[in-house]
Amino acid sequence: MSPSSPQEQTLRGWQGRELPLRWHQPTAGEGTAAVVWPGLRYTCDRPLLALTTRALLARGVTVAQVWADYQTPAFQQAAPEQRWRWLIAEALAVLQAVRQEVQPRRWVWVGKSLGTLAMAGAWLEGRGRDLAASVWLTPLLAFPAVVKVLAHLDTPALMVGSREDPTWDHAGWQKAATNLPVEPLLLEQGNHSLEIPQDARSTQQNFQRVEQTLTVFLDRIFA
């Protein structure tokens, strides 16, 4: 495989449903892996996750992107507790596949929005606590589970959000940001995708700030 030729894999997720993974292999490097888990309407080819995948590959990290579709009626109409168990079950399936495929010495989890719920669920199940690091893009801080995990992480974490994001929660952000391993990057402008409608230049500046901060963060992790 090469970075331009991802390999597809289909796992069995919640109640046997298909759970697609897309593997990106770096040109060099071994023993490190990353899970990239998208948002509800924010796939892995959107800017924030695409730049994160590139940054990981540049550091020799094997990347497993999750391409599950959670906009289906089955997920959307399920009770909140069932959706929570659904995400946890699929998070654990992905972790098992990564460990079998790569057997990583170190691994990183990147979650965007809904992906931060999956990440929190795995951690609370005791299955994500061997992380080398984690990246939380627009975390869903209105969910106590996400705040609880961020407040108790003992490994480096990058948390990125915007004051203008309708899902941003001041109290949750403050609580998470007081945990020393958590590095917060709070943008003043930007929606839930950290974009500023009708302002391409400011949107690009947001992405550049995220990329610069992520670069420093990952360089520290993979030094």
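Tutor: By class, 11 nonpolar, 6 polar and 5 charged residues make up the lining of the largest pocket (Ala, Val, Leu, Ile, Met, Phe, Trp, Tyr, Cys and Pro count as nonpolar, Asp, Glu, Lys and Arg as charged, and the others, Gly among them, as polar). Keep in mind that this is a predicted model, where local features need pLDDT of at least 70, side-chain atom pairs count only at pLDDT 80 or more, and totals for chains, interfaces and linings use all residues. Residues are numbered from 1 along each chain as its sequence is written, and side-chain values use heavy atoms, with hydrogens and water left out.

A pocket here is an open set of points on a 1 Å grid over the protein atoms alone, where a 1.4 Å probe fits, with protein on both sides within 12 Å along at least five of seven lines; lining residues have an atom within 4 Å of a point. Of the 22 lining residues, Leu40, Leu114, Leu117, Leu140 and Phe143 lie nearest the centre of the largest pocket. Helix 3 gives the most to that lining, with 5 residues (helices are DSSP runs of H or I, at least four residues, numbered from the N terminus).

Now for the packing. The axes of helix 3 and helix 4, lines fitted to C-alpha atoms over the stretch in contact, come within 8 Å and cross at roughly 75°. The two helices are therefore roughly perpendicular to each other, a label for angles of 65 to 115 degrees. Their contact has 12 nonpolar, 1 polar and no charged residues.

Terms used: Axes are lines fitted to C-alpha atoms, for helices over the stretch in contact, and angles run from 0 to 180 degrees between N-to-C directions. Angles under 35 degrees count as roughly parallel, over 145 as roughly antiparallel, 65 to 115 as roughly perpendicular and the rest as oblique.
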